[in-house]
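Morning, everyone. I have one model to walk through today. Please bring it up on the screen.

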Amino acid sequence: MNSIRETFINNLKFYRKKKGISQEKLSYAVGKSIAYINQIENKDTWPQPEMVDKIAVALEIPSSELFAEEASPKNKKAAIENKIGKTLEVELLSRIEREVKEVCKMF
């Protein structure tokens, strides 16, 4: 599962590219430098809540979409992998429990 920062970054990149907005255009729209947007996308800085709102307005999405775990394809993949992993873990533990019970019946 992605961290909230990874989720945010994946969604930011996804929606920015989907909207056809370069880092330069986004930086202009939110009143920051291109370097600042690049730093966010490269995990070098974390935007303040007000900046998250400005980014969302520029991308024409609700702020919450930047944190949605399954918004971007990359985040969907991580969520599916996490779900599959948990399902396999439960199945494996159940199978082990059944086999232990069977072995215990032998004694």
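Which residues of helix 2 and helix 3 meet? From helix 2 come Q23, E24, L26, S27 and V30, and they meet I34, I37, N38 and E41 of helix 3. Contact here means heavy atoms within 4.5 Å. Sorted by class, that contact holds four nonpolar, three polar and two charged residues. For the classes, Ala, Val, Leu, Ile, Met, Phe, Trp, Tyr, Cys and Pro count as nonpolar, Asp, Glu, Lys and Arg as charged, and the others, Gly among them, as polar.

A word on the source. This is a predicted model, where local features need pLDDT of at least 70, side-chain atom pairs count only at pLDDT 80 or more, and totals for chains, interfaces and linings use all residues. Residues are numbered from 1 along each chain as its sequence is written, and side-chain values use heavy atoms, with hydrogens and water left out.

Back to helix 2 and helix 3. Helices are DSSP runs of H or I, at least four residues, numbered from the N terminus. Helix 2 covers residues 23-30. Its axis lies 8 Å from that of helix 3, at an angle of about 110 degrees. Axes are lines fitted to C-alpha atoms, for helices over the stretch in contact, and angles run from 0 to 180 degrees between N-to-C directions. The two helices are therefore roughly perpendicular. The cut-offs: under 35 degrees is roughly parallel, over 145 roughly antiparallel, 65 to 115 roughly perpendicular, and the rest oblique. The crossing is right-handed. That term means the near helix is turned clockwise from the far one by less than a right angle; anticlockwise is left-handed.

A35 sits in helix 3, residues 34-41. A35 is partly exposed, at 45% relative accessible area. The bands are buried under 20%, exposed over 50% and partly exposed in between, with a 1.4 Å probe and protein chains only. A35 and Q23 are twelve residues apart in sequence, with their C-alpha atoms 8.6 Å apart.

Now helix 1, residues 4-18. Its 15 residues should span 21 Å at 1.5 Å a residue, and the end C-alpha atoms are 21 Å apart, so the two agree. The expected span is 1.5 Å times one less than the number of residues. Buried in helix 1 are T7, F8, I9, N10, N11, L12, Y15 and R16. After the helix comes G20, with a positive phi near 75 degrees.

What does helix 1 pack on, and at what angle? Helix 4, residues 49-59, at about 30 degrees, with the axes 10 Å apart. That makes the pair roughly parallel. Their crossing is left-handed. Helix 1 supplies F8, L12, Y15 and R16, and helix 4 supplies V52, I55 and L59. By class, that is six nonpolar, no polar and one charged.

Look at R16 in helix 1. Is R16 buried or exposed? Buried, at 8% relative accessible area. Leaving out residues up to four places away in sequence, R16 touches I21, S22, Q23, L26, E41 and L59.

Last, two loop residues. Most residues other than glycine have a negative phi. K43, not a glycine, has a positive phi of about 65 degrees. K43 is in the loop between helix 3 and helix 4, and is partly exposed at 43%. E60 is not a glycine either, and its phi is positive, about 60 degrees. E60 lies in the loop between helix 4 and helix 5, and counts as exposed at 60%.
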